[in-house]
Amino acid sequence: MAGGHMKYRHLSRSSSHRQALLRNLVTSLFKHESIATTWHKAKEAQRLAEQLVTLGKKNTEATRRRAHQIFFEPNTMVPKLFGPIRERYVDRPGGYTRVLRIEPMKEDQAESAILELVDGDRDLRFAMTAKTLARMPKNARFNDKTAENVKKVTQFRKGGMTELRTMVNKLRRKQENGIDDRTLPPPKKVYPEPKMKREMHYYEDEYSYRMPAKGLPTSTSGKSAGPRIRDAPGRPGTQQSE
C-alpha cells in the first residue's frame, strides 16, 4: 500500500536475488565470523544471523532442517552452528552479532560496516577495548565508557577477564617494540575505469588551422586520410570539409 511502513530493506533487488544475497552473507559470516560489507546489507544479514543462532540453541531436528535450507554450505556450517557456536551462546540471552560502522571501502563512498559474531576470535570490540587499556598507565582508573566496554566484552565470554589481561599485556609488549609506528598501505582501488580510460583512445575534432594529427596516413593528394577535420568557426576563407 502506498505510504506504508517498509518492514525490511529491498536492497534494490528482486525477492529471489535478495534471499540469495542474504544467504551468501550469512554463510560467509558463520564461516569467517567477521565480514565487511555495506551498512544496509549488514543490517539485513544481521536479522537472519540472529535467527540462525536461535535455531542452533533450540537444537531440534526441525531447526537443523531449517538451517540446511539457509546455508549455502550446510555440510560444513550446520555442524559448526550446532556445535561450537551453540556452546558459545548457550548462556547469552541475545545479541549474538554486532554491526560496526567503518569508513567507506569503495570509491563510490557507500556506507560500509563490519558484521561479526560476538565473543569470537575476531571480536573487534574486544580487541579495541584491549588496545585502549594497553595505552593507559597501569595504575590509571577507568572512565565510565571504558568500564562499560570492559563489561560488555567480558560479561558472557568464558574466561573473558583472563583473555583480556593476556591481550593487554601482549599489546603493551608490542607497543614497546614500536608497532604503532607502522605505515599502513593506502586504500585499495576498486573500480578499473580510470585505467581503462587511459588506455583507450578517442578521435577528436581538430580545426584546420591547427597542426594535423601525427601518424595519420595521407592520400596521394596530400590530404590526411584520418578523422574528419573541420575548419575553425568564424575564420574567413575557410570551408567546412565534408
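1. Let's start with how far along the chain the contacts reach. In this predicted model, 59% of the contacts in the protein chain with a separation of 6 or more are between residues 24 or more positions apart. The protein chain has 242 residues, and buried residues make up 29% of them.

2. Next, the parts list. You'll find eight helices and five strands in the protein chain. Reading from the N terminus, the order is α-β-α-α-α-β-β-α-α-α-α-β-β. So that you can find your way around, here are some of the ranges: helix 1 covers residues 15-32 and helix 2 covers residues 39-58, strand 1 is 34-38, and helix 3 (61-70), helix 4 (74-88) and strand 3 (112-117) come up again below.

3. Have a look at helix 1 against helix 2. Their axes are 9 Å apart and the packing angle is about 65 degrees, which means that helix 1 is roughly perpendicular to helix 2. The crossing of these two helices is right-handed. On the helix 1 side, the residues that meet helix 2 are Arg18, Leu21, Leu22, Arg23, Leu25, Val26, Leu29 and Phe30. Facing them from helix 2 are Lys41, Glu44, Ala45, Leu48, Ala49, Leu52 and Val53. Sorted by class, this contact of helix 1 with helix 2 has eleven nonpolar residues, four charged ones and no polar ones.

4. Helix 2 packs with helix 4 as well. Here the angle is about 90 degrees, with the axes 9 Å apart, so helix 2 is roughly perpendicular to helix 4. Helix 2 brings Leu52, Val53, Leu55, Gly56 and Lys57 to this contact, and helix 4 brings Leu81, Phe82 and Arg86. The residues of the contact of helix 2 with helix 4 split into five nonpolar, one polar and two charged.

5. Which residues touch the most other members of the largest nonpolar core? They are Phe30, Leu52, Phe71 and Leu81, in a core of 31 residues. Helix 1, helix 2, helix 3, helix 4 and strand 3 each supply at least two residues of this core. Helix 2 gives the most, with eight residues. There is also a second, separate core of nine residues, with Phe126, Leu133, Leu164 and Val168 among them. As general background, nonpolar side chains tend to be buried together in soluble globular proteins.

6. Phe71 is worth a click. Setting aside neighbours within four places in sequence, Phe71 is in contact with Arg23, Val26, Thr27, Phe30, Leu52, Met77, Val78 and Leu81. Among these partners, Phe30, Leu52 and Leu81 are named with Phe71 as the residues touching the most other members of the largest core.

7. Then there is Phe82, in helix 4. Is Phe82 buried or exposed? Its relative accessibility is 7%, so Phe82 counts as buried. Leaving out neighbours within four places in sequence, Phe82 is in contact with Leu55, Gly56, Asn59, Thr63, Arg64 and Ala67. Phe82 and Leu52 are 30 residues apart along the chain, and their C-alpha atoms are separated by 9.8 Å.

8. Over in strand 3, look for Ile114. With a relative accessible area of 17%, Ile114 is buried. How far apart are Ile114 and Ala36, in sequence and in space? They are 78 residues apart in sequence and 4.4 Å apart in space, C-alpha to C-alpha. Not counting residues up to four places away in sequence, Ile114 touches Ser34, Ile35, Ala36, Arg98, Val99, Leu100, Ile102 and Leu124.

9. Ser12 is a residue other than glycine with a positive phi, near 55 degrees, and it sits in the segment before helix 1. Glu33 is not a glycine either, yet its phi is positive at about 70 degrees; Glu33 lies in the loop between helix 1 and strand 1. What about their surroundings? Ser12 has 78% relative accessibility and so counts as exposed, whereas Glu33, at 12%, counts as buried.

Notes:
Residues are numbered from 1 along each chain as its sequence is written. This is a predicted model: local features need pLDDT of at least 70, side-chain atom pairs count only at pLDDT 80 or more; totals for chains, interfaces and linings use all residues. Side-chain values use heavy atoms; hydrogens and water are left out. Axes are lines fitted to C-alpha atoms, for helices over the stretch in contact, and angles run from 0 to 180 degrees between N-to-C directions. Helices (H or I, at least four residues) and strands (E, at least two) are DSSP runs, numbered from the N terminus. Angles under 35 degrees count as roughly parallel, over 145 as roughly antiparallel, 65 to 115 as roughly perpendicular and the rest as oblique. A crossing is left-handed if the near helix is turned anticlockwise from the far one by less than a right angle, and right-handed if clockwise. Contact means heavy atoms within 4.5 Å. Ala, Val, Leu, Ile, Met, Phe, Trp, Tyr, Cys and Pro count as nonpolar, Asp, Glu, Lys and Arg as charged, and the others, Gly among them, as polar. A nonpolar core is a set of buried Ala, Val, Leu, Ile, Met, Phe, Trp, Tyr and Cys residues joined through side-chain atoms within 4.5 Å. Buried means under 20% relative accessible area, exposed over 50%, partly exposed in between (1.4 Å probe, protein chains only).
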